[in-house]
Structures are given as structure tokens and as C-alpha cells.
Amino acid sequence: MRIVPGPASTELARETADLLGEELLTIETKRFPDGEVYFRFLDDISGENVVVIQSTGPPQDNNLLALFLLVHTAKDLGANSVTLVVPYMAYARQDQRFRPGEAVSARCVAELIGKSGVDRVYTFEIHKEHILGYFGVPAYSLSTLPVIHRFLSDMDTKNLLVVAPDRGAKSLAQQLSQMLGTGFGWIEKFRDRVTGEVSISTCNADVKDKNVVVIDDMISTGGTIAKAARHILDSGAEKVVAICTHLLLVGDAEKRLREAGVNEIIGTNTIPSKFAKISVAPLIAEAIKDGL
Ligand code: R5P
């Protein structure tokens, strides 16, 4: 097996290769003066099982193009199989036509990836499971809860409550609360499809004097978690820790979360950042060992 470190996931690829006892392939990379990207595989991969690890967080379009070029080239150079690990799948939130005439971006991106030469795809906590069917090749969304749970297992769970900031995160929050042996609750959220503005109505759990873990699949502008945190703290909670798989943290998201009173921000390294304290490398290594 040979592992290709995509430019958006070099550290994660290195860690995964170490866990698997494999070497990383060397890829020469440069940009032409007009901004176009160039890749060259320096190793012979003909007949090999190749794993490309490339996330597609911001800048999404650049990272997607790098993904297409790496996968396509691996196949073109005679790889026996190409497994793609795309830790964060861009465009997944536009998984349907919410308003007439909109692009169904998730389907378009998944179909293009499926046609680029991959034999199978792994991702984490995909926004909606039905997107997996659009790849046209076997595609799996892995749960990050095992590594999140491991990370939190030192926490004092006596006064802990796990809360979902919207309906979409209910299952995540419920599963984590079961793993930790704590209570759980959820918040009703409404997002204006045109302005993107988030408003919330109620939280169904008693958060008074609790340490609350708010868990979501992703934090982008921070609007969802900020509104949830403010509501929870105004309802008497002691502390709010925000945890998510994909930390996009665009613009002044960090400031927004801090101003809302979030005490700690924790993410996984599906998208690298200073808050990516939880590694998904063991989950990738395990999936690859089982799947190849
Ligand atoms: C939405 O359904 C997602 O699960 C997240 O709640 C949302 O994408 C987070 O975005 P933001 O941080 O911009 O509110």
C-alpha cells in the first residue's frame, strides 16, 4: 500500500502512514505563475494499492482540484486501486435544491469524485448520509465519536450534559451522551435560507449549573454554536465546551464563539487548525486495514 499526502492533509497522512507502518509517496508540487497547480509522482506506483488523503476545507475549490489531480494521476500511472480519504467533504451542506434553480452541489462534487478514478471513498461525519450514494463507488462516512469519546474520557462527567445545537446534531449528541453516561438535550434552530442568519427558540433540557458539551458535525461561521452557547449560559449553565468534527472557523468565528461565552473549542484534524486537538488518523488506519 502506498499513501499520497494531499496538500491539505500532509500531517494527517504522515500520522496515518506511521500507524500503518507505511512510507509516504513523494509528490513534487508547484504552482505555475498563473496560479495553476502542478503535481508529479516521483515513485513508481504501477500495480500498487494507493491511498490518497486529501481534505477539502477552505480554500475548498483549490483543495478539490488537488484531490481530482492526485486521484486521476494515481489511476493514470497504473495503480491497482485508488482509495480516497477525504476527511472533510466540501459542499456537502448543499445536498438538495432548497430553492428553485439551485445547484445540488453535493451531488455534483460526489459524482465528479466518483468518476475521477477512485475505487472507494472514506469520509467523516458527512453532512447527510444520502450523499454517499452519489459517488457511484463504495463510499463510507466514518464516525469520529470513538476518538472524541476517548479525548473526553478524562472529563468529570458528574455535572456534564451533552447538547445538540440543532435537530441535525441530535443523533451525534445522543450517541456521545450514551458513551459518556450523561444526560442529553437539543435546541430548536432556524436558519434563514437567504441571509444565513440563525435564530433559536428552546432547549429541551435543564442546563442550570451544568457543564455543557455542545456537539455538532461542523462549525463554520460559529453562528449556530454561538447562539446555542448564549442560550445555554443565559439559562444558568456553568460552562460551555464546543466540540465538532469539522472546524472550518471562517472569518471571525473564533471571536464570535468567545464573545458568546464558549470556554473551550475542540475539533478533529479533518481540517487542520490550532483547535484540532483530536486526531482521526487511528480511524483512517483502521478503516484502510479493514477495507483494502
Ligand atoms: C448545519 O446543519 C450544520 O450541522 C452546522 O450546524 C452548521 O453548518 C454550522 O454552521 P455555522 O457555524 O455557520 O452556524
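Two residues are in contact here when heavy atoms lie within 4.5 Å of each other. With that in hand, Gly236 is in contact with Val207, Lys208 and Asp209, leaving aside its neighbours within four places in sequence. Please keep in mind that this is a predicted model.

- You will find Gly236 in the loop between H6 and E12.
- Gly236 counts as partly exposed because its relative accessibility is 25%, and the partly exposed class lies between under 20% for buried and over 50% for exposed.
- Lys208, one of its contacts, is 28 residues from Gly236 along the chain, yet their C-alpha atoms are separated by 4.4 Å.

**The open sheet**

- Five strands make up an open sheet with parallel pairing, and their order is E1-E4-E5-E6-E7.
- Strands E1 (2-5) and E7 (139-142) stand at the edges; each has a single partner strand, so one side of each is left without a neighbour in the sheet.
- On average, neighbouring strands of this sheet are turned by 20° against each other, direction ignored.

- Helix H1 (residues 10-20) lies across E1 and strand E4 (49-53), and it runs at about 165° to E1.
- Helix H2 (residues 60-76) lies across E1, E4 and strand E5 (81-86), with an angle of about 165° to E5.

**The largest pocket**

- The volume of the largest pocket is about 1,200 Å³.
- Its lining has 45 residues, and Arg93, His127, Lys189, Asp217 and Met218 lie nearest the centre.
- At least two lining residues come from each of H2, E7, helix H5 (170-180), strand E9 (183-191), strand E11 (211-219) and helix H6 (223-234).
- E11 gives the largest share of this lining, with four residues.
- Sorted by class, the pocket lining has 15 nonpolar, 14 polar and 16 charged residues.

**The largest cavity**

- One cavity of 30 Å³ or more turns up in a search of the whole structure, and the largest cavity holds about 30 Å³ of space.
- The residues lining the largest cavity are Tyr88, Met89, Ala92, Thr123, Phe124, Glu125, Ile126, His127 and His246.
- By class, this cavity lining has five nonpolar, three polar and one charged residues.
- His127 is worth a look in your viewer: this residue is among those lining the cavity, and it is also one of the residues nearest the centre of the largest pocket.

**Leu247 in strand E12**

- Leu247 is found in strand E12 (residues 239-247).
- Leu247 is buried because its relative accessible area is 1%, against a cut-off of under 20%.
- Not counting residues up to four places away in sequence, Leu247 touches Ile219, Ile265, Ile266, Gly267, Ile271, Ser273 and Phe275.
- From Leu247 to Ile219 is 28 residues in sequence but 5.1 Å in space, C-alpha to C-alpha.

Key:
Residues are numbered from 1 along each chain as its sequence is written. This is a predicted model: local features need pLDDT of at least 70, side-chain atom pairs count only at pLDDT 80 or more; totals for chains, interfaces and linings use all residues. Side-chain values use heavy atoms; hydrogens and water are left out. Two strands pair if DSSP finds at least two bridges between them. Axes are lines fitted to C-alpha atoms, for helices over the stretch in contact, and angles run from 0 to 180 degrees between N-to-C directions. On a 1 Å grid over the protein atoms alone, a cavity is a set of points where a 1.4 Å probe fits but cannot get out, and a pocket is an open set with protein on both sides within 12 Å along at least five of seven lines; lining residues have an atom within 4 Å of a point. Grid points are joined across faces, edges and corners, and a volume is the space filled by probe spheres set on the points. Ala, Val, Leu, Ile, Met, Phe, Trp, Tyr, Cys and Pro count as nonpolar, Asp, Glu, Lys and Arg as charged, and the others, Gly among them, as polar. Buried means under 20% relative accessible area, exposed over 50%, partly exposed in between (1.4 Å probe, protein chains only).
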